[in-house]
Amino acid sequence: MQPGYRLSTDRADLDRERVHRWLSTDAYWALGRAREVQDAAIDGSRNYGVYDEATGEQVAYARVVTDGATFAWLCDVYVDPAARGGGLGVDLVEGVIADLDPLGIRRTMLATADAHGLYAKAEFEPLADPGRWMLRTNPMIVADPSLSS
């Protein structure tokens, strides 16, 4: 972790209002996400926050949906715009992987439109056989599949 910052997996440390604001107003995959949906996602996931040690302010967030044994989906990775450019995103993803690896999870997936280079630093790579994977989007919930997460 960059000097002056700390990573926490303690859900009690999360600034839920800030996380919701970041994702629902600035993250292309979660624009308009309702606060109650975000809170339910937090409650059902492993959560990771990065905090400024001097102020205690949360500056980054990620969550992982997992069974804790065989599969994980890394999602909602976000670094506050004021904290970008110093390596916190890479540190956050590496911290997530360091937390998951001891569980013996074979596959950790993610989707990104624009951060392939960041995730490559943590050994993510394109699917070797994307034709094996399929997706179902609930038409009753998501009108625009590009906004789903």
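Tutor: Gladly! Helices (H or I, at least four residues) and strands (E, at least two) are DSSP runs, numbered from the N terminus. This is a predicted model, where local features need pLDDT of at least 70, side-chain atom pairs count only at pLDDT 80 or more, and totals for chains, interfaces and linings use all residues. Residues are numbered from 1 along each chain as its sequence is written, and side-chain values use heavy atoms, leaving out hydrogens and water.

Student: Where is D76 found, and why does D76 count as buried?

Tutor: D76 is found in strand β4 (residues 71-79). Buried means under 20% relative accessible area, exposed over 50%, and partly exposed in between (1.4 Å probe, protein chains only). D76 has 2% relative accessibility, so D76 counts as buried.

Student: What about E94?

Tutor: E94 is found in helix α3 (residues 88-100). Because its relative accessibility is 37%, E94 counts as partly exposed.

Student: How do you know that the span of α3 agrees with what it should be?

Tutor: The expected span of a helix is 1.5 Å times one less than its number of residues. The 13 residues of α3 should therefore span 18 Å, and its end C-alpha atoms are 18 Å apart, which agrees.
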